[in-house]
Amino acid sequence: MITRRHFTTLSATALIATALPVRAVTPMHVLSSPGCGCCHAWADLARARGYAVTVEELTDPEAQKSARGIPLNLASCHTIEADGYVFEGHVPFEALETVLKDRPDITGLAVPGMPMGSPGMGDDPSARYDVIAFGGDAGTGTVYYRAGTAQPFDT
C-alpha cells in the first residue's frame, strides 16, 4: 500500500528527475585542435554547465571530421560528440541543448570558423553569427539558429 509519505517521496523524485537538464546526463567528447586554447575554453564552459566532458586532440582533423559527416566548409577548430550528434566549433549551448532535447533528424550543428564572441571565443551574448544544421533533414546545411538576435530560432 502506498502511504501519503511514499506518494510524496515518489512524486518529488519524479519531479526532480524530469527537471534535470539534458546536460546532467549527457557526456561530451571534445576533439580539439592541438594546442588550441579556445577548444579548451569551450570544454570548460560545458563543464561549468554540468556536462561530463572529455578532451582528446585531433590527429588528422580533415579525416576525423569527414568520418563524422561534417562538411569541410563548415569546419572549425574542435568537434564535439554528444548523444549521437556532432557539434562542430563554438556552438552556443542554447542551440546544442535544443537539439539534444528535441532530437531532430540531423547529423549535427556547426559554427564555421571561430567567430569572436561565440562560446570559448569571448562569450559575448550579443555576438552575431549563424549556427548551421547539417545532415539528415538539413541536407548539406541550413541555418538552425541565429546567435545574437532576439529570436534566434526564427530562421
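**Chat about a predicted model**

Trainee: Ser-118: buried or exposed?

Mentor: Ser-118 is buried, since its relative accessible area is 0%. Buried here means under 20% relative accessible area, with exposed over 50% and partly exposed in between (1.4 Å probe, protein chains only).

Trainee: What are we looking at, and how is it numbered?

Mentor: This is a predicted model, so to speak of local features we need pLDDT of at least 70, side-chain atom pairs count only at pLDDT 80 or more, and totals for chains, interfaces and linings use all residues. Residues are numbered from 1 along each chain as its sequence is written, and side-chain values use heavy atoms, with hydrogens and water left out.

Trainee: Back to Ser-118, where does it lie?

Mentor: Ser-118 is in the loop between strand E5 (108-111) and strand E6 (129-134). Helices (H or I, at least four residues) and strands (E, at least two) are DSSP runs, numbered from the N terminus.

Trainee: And which residues is Ser-118 in contact with?

Mentor: Setting aside neighbours within four places in sequence, Ser-118 touches His-90, Asp-123, Ala-127 and Tyr-129. Contact means heavy atoms within 4.5 Å.

Trainee: What's the phi of Asp-123?

Mentor: Asp-123 has a phi near 50°, a positive value in a residue other than glycine. Asp-123 also lies in the loop between E5 and E6, and it is partly exposed, with a relative accessible area of 41%.

Trainee: Where is Asp-83, the other Asp with a positive phi?

Mentor: Asp-83 is in the loop between E3 and E4. Its phi is about 50°, though it is not a glycine, and at 42% relative accessibility Asp-83 counts as partly exposed.

Trainee: Let's zoom out. How many helices and strands does the protein chain have?

Mentor: The protein chain has 4 helices and 7 strands, and along the sequence they follow the pattern α-β-α-β-α-β-β-α-β-β-β. Of its 155 residues, 41% count as buried. Among contacts with a separation of 6 or more, 50% come from residues 24 or more positions apart.

Trainee: What span should helix H2 have?

Mentor: H2 (residues 37-48) has 12 residues, and at 1.5 Å a residue it should span 16 Å; its end C-alpha atoms are 16 Å apart, which agrees. The expected span is 1.5 Å times one less than the number of residues.

Trainee: Which residues of H2 are buried?

Mentor: Those are Cys-38, Cys-39, Trp-42, Ala-43 and Ala-46. They cover an arc of only 150° around the axis, which puts them on the same side of H2. That arc is taken from the directions from the helix axis to the C-beta atoms.

Trainee: What covers the buried residues of H2?

Mentor: The cover includes strands E1 (27-32), E2 (52-57), E3 (78-82) and E4 (85-89), plus helix H4 (93-102). H4 itself is mostly covered, with 7 of its 10 residues buried, namely Phe-93, Ala-95, Leu-96, Glu-97, Thr-98, Val-99 and Leu-100.

Trainee: What follows each helix?

Mentor: For two of them, just after H2, Gly-50 takes a positive phi of about 105°, and H4 is followed by Arg-103, with a positive phi near 55°.

Trainee: On to rings. How many aromatic pairs are there?

Mentor: Rings of Phe, Tyr and Trp (its six-membered ring) pair if their centres lie within 6.5 Å; planes under 30 degrees apart are stacked, over 60 edge-to-face, and the rest tilted. By this rule there are 5 aromatic pairs. In one of them, the rings of Tyr-51 and Phe-93 have centres 6.4 Å apart and planes at 25°, so the pair is stacked. Tyr-51 is in the loop between H2 and E2 and Phe-93 in helix H4, so the pair ties together parts 42 residues apart in sequence.

Trainee: Tyr-51 and Phe-93: buried or exposed?

Mentor: Tyr-51 counts as buried at 4% relative accessibility, and Phe-93 is buried at 8%. Another pair is Tyr-85 and Phe-87, with centres 6.3 Å apart and planes at 40°, so that pair is tilted. Both Tyr-85 and Phe-87 are buried.

Trainee: Which residues form an aromatic cluster?

Mentor: Trp-42, Tyr-51 and Phe-93 form one.

Trainee: Last topic: what volume does the largest pocket have?

Mentor: About 260 Å³. It is lined by 19 residues, and the closest to its centre are Pro-92, Pro-119, Pro-125, Tyr-129 and Tyr-145. On a 1 Å grid over the protein atoms alone, a pocket is an open set of points where a 1.4 Å probe fits, with protein on both sides within 12 Å along at least five of seven lines; lining residues have an atom within 4 Å of a point. Grid points are joined across faces, edges and corners, and the volume is the space filled by probe spheres set on them.

Trainee: Which strand gives the most to that lining?

Mentor: E7 does, with 3 residues. H4 and strand E7 (142-147) each supply at least two.
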